[in-house]
Amino acid sequence: ALEVAFRVRDEHPDCHVFWVPAVDATTFENAYREIGRQLEIVGIDEDKADVKLLVKTALSRSADNWLLIVDNADDVELLFGTAGATPLCDCLPFSHRGSILFTTRNHMAVRKLDIPKTGVIRVADMSRLEATELLQKHLDAAQMSDSEKMTTRQYLRHCRSSDERLIELLSEDFEDRARYKSTRNPVAATWLISFRHISRDNQLAAQYLRYMSLLAEKEIPKSLLPPGKSELEADKAIATLKAYAFITERTGQESYDVHRLVRLAMRSWLSKEGELEACAASLIQQLDKVFPFPKHENRVLWVTYLPHALTALAFRDYSTNDAAKSSLLFNIAESSYILGKYEEAEAMHRQALKLRTQVLGAEHPSTLTSMNNLALVLNSQGKYEEAEAMHRQALKLRTQVLDAEHPSTLISMNNLALVLDSQGKYEEAEAHLNITVK
């Protein structure tokens, strides 16, 4: 947009070029007042002057050519108005001698402005080469090697050291005379403006972004998220996040990617606002609802969910719902066991067993299932003695609680026979197997 402004000025000296920030209503009106002064509009500085109407009328009737650049047209409510407020779009002039160029990060604003596709330029992500060239243009040799400050190599090392250090660096203010005085400079702060718009206009979209920040950043299935009051409401929430470019949809899939910096900024905000605990607890409950017990028939589903559930489990200490945590841990442990990740499966089964013992009691059927499945994982790792002891305990308790002929009791008996067989205790193994066959 800046390039356009300068080229039009150079190539068409008789064309007026005006720049109007749409950051907020006051900034917009101040820019219009300055346009009015440049055009020497009568009454523009009077106390009760309708500045926006005066400028709109003057440009609409002007015999001169003009280009009006409306920058940062991101806030849909500001652009199109609410009850009692004049929409900024109603203040835009119209003339065959003039053109308006909008810059926006919000695709929803583009649609509402009803601009034809041929009039929309979507700025693509920079390639690594383009990004490197842009960075180098703004650095001099001293900044690349000056040990009195910080070299780019040192800065990069800090960025890579931890997520906490990265968000700290991105939250630092910096000098930028090209930015509006009312706009904060830190990189991590710029997303907050859009997030506040989303929170105001679509609370479900804001909730989705909270959840996504605690999940893995790639291929987040829509089915992992709460459905909302209706499918339409959920689709609108997703569309809102896409419109603000917070998420990108994978072609042909109902799954989404979140940029790493968006996740970090969101997590940082949740922590600072004291919302991380509630968000993590709610997410654990949601995952417990949708994550299935892993079987061959639903393999595609649980394999897709697994990286997100594992990421979310890093925040499980924030949740006080031990029943949901233990259930989710159990299903994830079973998934890891099927995939041959026995150490992960063992660790999670131990945690699930501990929680179920605390919440449900040592003799509850679900607790005994955790004990049985942990023993199976131990057996798969060759930890036969511990597996045998645990299978014996599960068999004893199932016999007492469920009775000797209950299917679960017979499963414990069979599993005990298998671990005995692995240790060469064939006679005892045979005896248990004979009982299960009878």
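Arg 250 is partly exposed, with a relative accessible area of 25% (buried means under 20%, exposed over 50% and partly exposed in between, with a 1.4 Å probe and protein chains only). This is a predicted model, in which local features need pLDDT of at least 70 and side-chain atom pairs count only at pLDDT 80 or more, while totals for chains, interfaces and linings use all residues. Residues are numbered from 1 along each chain as its sequence is written, and side-chain values use heavy atoms, leaving out hydrogens and water.

Let's look at the charged pairs. Across the whole structure, a search finds 23 salt bridges (a side-chain nitrogen of Lys or Arg within 4 Å of a carboxyl oxygen of Asp or Glu). Three of them are listed here.

| Pair | Closest N to O |
|---|---|
| Glu 219 and Arg 250 | 3.9 Å |
| Asp 235 and Lys 222 | 2.2 Å |

Arg 37 and Glu 34 sit three residues apart in helix H2 (residues 25-38), about one turn of the helix; helices are DSSP runs of H or I with at least four residues, strands are E runs of at least two, and both are numbered from the N terminus. Arg 37 is partly exposed at 42%, and Glu 34 is partly exposed at 37%.

Elsewhere, Leu 79 lies in helix H4 (residues 76-80) and is buried at 3% relative accessibility. Leu 79 and Leu 113 are 34 residues apart in sequence, with their C-alpha atoms 9.0 Å apart in space.
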